[in-house]
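Hi there,

Here is the structure I promised to pass on to you.

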Amino acid sequence: MKEKIVRFCVSLPQYLLEELDRKIIKRGYSSRSELVRDLIRELMVEDAWREEEEVIGVLTLIYDHHQRELAQKMLEIQHNQYVKVLCSTHIHLDHHNCLENIVLKGKPNEIESISINIGGLRGVKFAKLTKASNV
Ligand code: NI
C-alpha cells in the first residue's frame with residue numbers, strides 16, 4: 001500500500017535552516033524531507049518508551065571473555081528474563097573481546113533494567129541500548 005505523501009510549509013530562523021542543511025550533508029540524507037521524517041520517527045520512539053508500551057531494544061555489548069564468570073553472569077541474567085530476550089548474536093572480535101547484540105522486548109523499564117544489569121558487569125567495556133519501536 002502506497003502512503004499518501006503531503007507537503008507542508010515550515011518557518012524557521014535562517015541559521016536553523018543552514019544547520020539543517022549541514023546535518024543533511026553530514027549524515028548522508030538525500031533531502032530535507034528525509035531528515036524531517038527521521039526526526040519525527042525518533043520522537044515517536046521516544047514517546048513509546050515514555051508511555052510504558054511494549055517496546056524493542058537492542059543492547060550492544062563489547063566485553064572481555066577472559067573476565068572471570070562474566071559470560072556465566074550474562075547468561076544467568078538473560079535466562080532469568082528469557083521471555084524478554086528475543087535473540088542474541090555473538091561475534092568474536094579478537095583474542096580478548098566479544099561483541100554481542102541482545103534483542104529485548106518488553107516494558108521500557110524492564111528492558112532498561114536488564115541493560116543496566118548486564119552493562120554494569122565487571123569486564124563489560126561497552127554497553128549501549130538502542131531504543132526502538134514499531135511505531
Ligand atoms: Ni566471543
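This is a predicted model: local features need pLDDT of at least 70, side-chain atom pairs count only at pLDDT 80 or more; totals for chains, interfaces and linings use all residues.

Below are my notes, going from the overall build to the details.

Residues are numbered from 1 along each chain as its sequence is written.

Let me begin with the overall build. The protein has four helices and four strands, taken as DSSP runs numbered from the N terminus (helices are H or I with at least four residues, strands are E with at least two). Read from the N terminus on, the order is α-α-β-α-β-β-α-β. The radius of gyration is 19 Å, well over the 14 Å that the globule rule gives for 135 residues, so the protein is more spread out than a compact globule. That radius is taken over C-alpha atoms, and the rule is 2.2 Å times the number of residues to the power 0.38. Along its principal axes, the C-alpha trace spans about 60 × 30 × 30 Å.

Burial and contacts come next. I call a residue buried if 20 or more other C-beta atoms lie within 10 Å of its own, exposed if 12 or fewer do, and partly exposed in between, with C-beta atoms placed from the backbone. By that count, buried residues make up 10% of the 135 residues. Two residues are in contact if their C-beta atoms, placed from the backbone, lie within 7 Å. Among contacts with a separation of 6 or more, 69% are between residues 24 or more positions apart.

Just after α1, G28 takes a positive phi of about 75°.

Now to the core. The largest nonpolar core has 10 residues: V55, L59, L61, Y63, M74, I102, L104, I111, I114 and I118. Such a core is a set of buried Ala, Val, Leu, Ile, Met, Phe, Trp, Tyr and Cys residues joined through C-beta atoms within 7 Å. Two or more residues each come from β1 (55–64), β3 (97–106) and α4 (108–119), and β1 gives the largest share, four residues.

β1 and β3 run antiparallel and are joined by 10 bridges, with I62 opposite L99 in β3. β2 and β3 are also antiparallel, with seven bridges between them, and a hairpin of four residues joins the two. Across this pair, C87 has V103 in β3 as its bridge partner, and S88 stands opposite I102. Leaving aside neighbours within four places in sequence, I102 is in contact with L59, Q78, V85 and S88.

How many of the eight residues of β2 (residues 85–92) are buried? The count is zero, and the strand is hardly covered.

There are also some annotations from UniProt, with positions in the numbering used here, shortened feature names, and the caution that annotations may be inferred rather than shown by experiment. An unreviewed entry lists residues 56–130 as "domain: Transcription factor NikR nickel binding C-terminal". In the model, that span is 31% helix and 45% strand, and its end C-alpha atoms lie 9 Å apart. The unreviewed entry also places the feature "binding site" at H79, H90, H92 and C98.

Two of these residues can be described further. H90 is found in strand β2 and counts as exposed because it has 12 C-beta neighbours inside 10 Å. Not counting residues up to four places away in sequence, H90 touches C98 and E100. H92 is in strand β2 and counts as exposed, with 10 C-beta neighbours inside 10 Å.

Most residues other than glycine have a negative phi. E69 is not a glycine, yet has a positive phi of about 65°. With 11 C-beta neighbours inside 10 Å, E69 counts as exposed.

Enjoy exploring the model!

Best wishes

Definitions and conventions. Two strands pair if DSSP finds at least two bridges between them.
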